[in-house]
Amino acid sequence: MATQTVLFVMADYGHDPTETAVPYMAFKEANMQVSFVTEKGKSPECDAKMLTGWTQKLLGANQEACNAYQKMREDEAIQKPLSWTVDGFSFDQFDLLFFPGGHENGVRQVVDSSVVHNLLLDYFPKTRKPSNKSIAAICHGVLAVSETLMPDGKSILHDVTTTTLPTAFEGTAYWGTRLFLGDYYKTYGAGSESVETSVKKRLDNPLQQYRYSLGTSPFVVQDENYNYISGRFPADAALLGQETIKLVKEACRAA
């Protein structure tokens with residue numbers, strides 16, 4: 001079987017290091033070829049609050065994830081990423097697209113990008129089984145996918161089963177840290193709707209399609225009809241990496 005190719009779609013700054021580096025390490029250990037893409041080819045950096053200082057110790061990445069991030073930063077692929085605004089760029093050359101999350105408002109560079117949305121409009125239909133194309137997303141990364149709208153106004157995830165960051169988790173983090181961190185845990189500012197609300201309103205039948213767990217044990221959701229898998233928050237990152245590897249390998253065999 002040919003080497004599977006993975007593309008991390010990232011903002012210049014702000015993604016969660018655990019949700020990025022832990023799956024990255026899993027993909028590298030599985031001998032997958034990993035690439036990165038940002039808007040204009042700038043090397044992406046994850047959220048410093050989750051990597052240093054008291055915010056890291058109380059709220060951020062554990063030592064294993066910090067080590068994984070430092071290892072990832074040494075990769076030439078992240079030092080010299082691709083650019084999604086270069087003429088002719090396409091997601092088609094990759095077997096897997098990975099969308100990490102993060103609360104820092106810099107991630108909006110991906111979530112709100114019309115170019116990323118257009119690229120996804122072309123790529124996502126190709127993930128319908130059987131296919132060798134797959135997408136994985138976690139936390140706010142799910143928003144980048146769900147906010148991609150087709151000409152009829154429906155999301156590309158309208159008929160897909162998914163999870164994302166639960167409102168309960170987002171609210172607890174926001175209200176528990178607002179005195180010290182302000183609106184940090186509300187990516188679109190105070191009073192904005194939760195990630196869960198934003199994702200659920202894009203689904204045809206949220207009661208059936210939105211899956212969640214309020215437990216802290218790792219939890220991921222895989223759709224039955226598309227090669228699409230999603231997670232909620234950093235605690236899901238390792239499981240998401242492992243299950244995504246299985247999905248990609250099965251997809252490539254079945255295609």
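User: Why does Asp-75 count as buried?

Analyst: Happy to walk through it. In this predicted model, Asp-75 has 15% relative accessibility. Buried means under 20%, so Asp-75 counts as buried.

User: And what makes Asp-75 and Lys-28 a salt bridge?

Analyst: Their closest N and O atoms are 3.8 Å apart. The rule asks for a Lys or Arg side-chain nitrogen within 4 Å of a carboxyl oxygen of Asp or Glu, so the pair of Asp-75 and Lys-28 is a salt bridge. Asp-75 sits in the loop between α3 (63-73) and α4 (76-79), while Lys-28 belongs to helix α1 (residues 17-29), so the pair ties together parts that are 47 residues apart in sequence.

User: Why is Lys-28 called partly exposed?

Analyst: Lys-28 has 36% relative accessibility. The class runs between the buried limit of 20% and the exposed limit of 50%, so Lys-28 counts as partly exposed.

User: How many salt bridges does the rule give?

Analyst: The count is 12 salt bridges. One of them joins Arg-232 to Asp-236, with the closest N and O atoms 2.8 Å apart. Arg-232 is buried at 0% relative accessibility, and Asp-236 is buried at 0% too.

User: Where do Lys-246 and Glu-243 lie?

Analyst: Both are in helix α11 (residues 237-254), 3 residues apart, about one turn of the helix. Lys-246 is partly exposed with a relative accessible area of 45%, and Glu-243 is partly exposed at 21%.

User: Which residues are linked in a network of salt bridges?

Analyst: Asp-92, Asp-122 and Lys-126 are linked that way.

User: Turning to aromatics, what makes the rings of Phe-8 and Tyr-24 an edge-to-face pair?

Analyst: The whole structure holds 15 aromatic pairs. For Phe-8 and Tyr-24, the ring centres are 6.5 Å apart and the planes are at 65°, so the pair is edge-to-face; the cut-off for that class is over 60 degrees. Phe-8 lies in strand β1 (residues 5-9) and Tyr-24 in helix α1, so the pair ties together parts that are 16 residues apart in sequence. Phe-8 and Tyr-24 are both buried. Ring pairs also link Phe-8 and Tyr-24 with Phe-27, Phe-36 and Phe-98 into a cluster.

User: How do you know that the charged end of Arg-128 sits over the ring of Tyr-226?

Analyst: The charged end of Arg-128 is 5.1 Å from the centre of the Tyr-226 ring. The distance limit is within 6 Å, and the position must also be within 35 degrees of the ring normal. Arg-128 is assigned as sitting over the Tyr-226 ring.

Conventions. Residues numbered from 1 in each chain as written. Predicted model: local features only at pLDDT ≥ 70, side-chain atom pairs only at ≥ 80, totals over all residues. Heavy atoms only, no water. Helix = DSSP H or I, 4+ residues; strand = E, 2+ residues; numbered from the N terminus. Buried < 20%, exposed > 50% of the residue type's maximum accessible area, 1.4 Å probe, protein only. Phe/Tyr/Trp six-rings, centres within 6.5 Å; stacked < 30°, edge-to-face > 60°.
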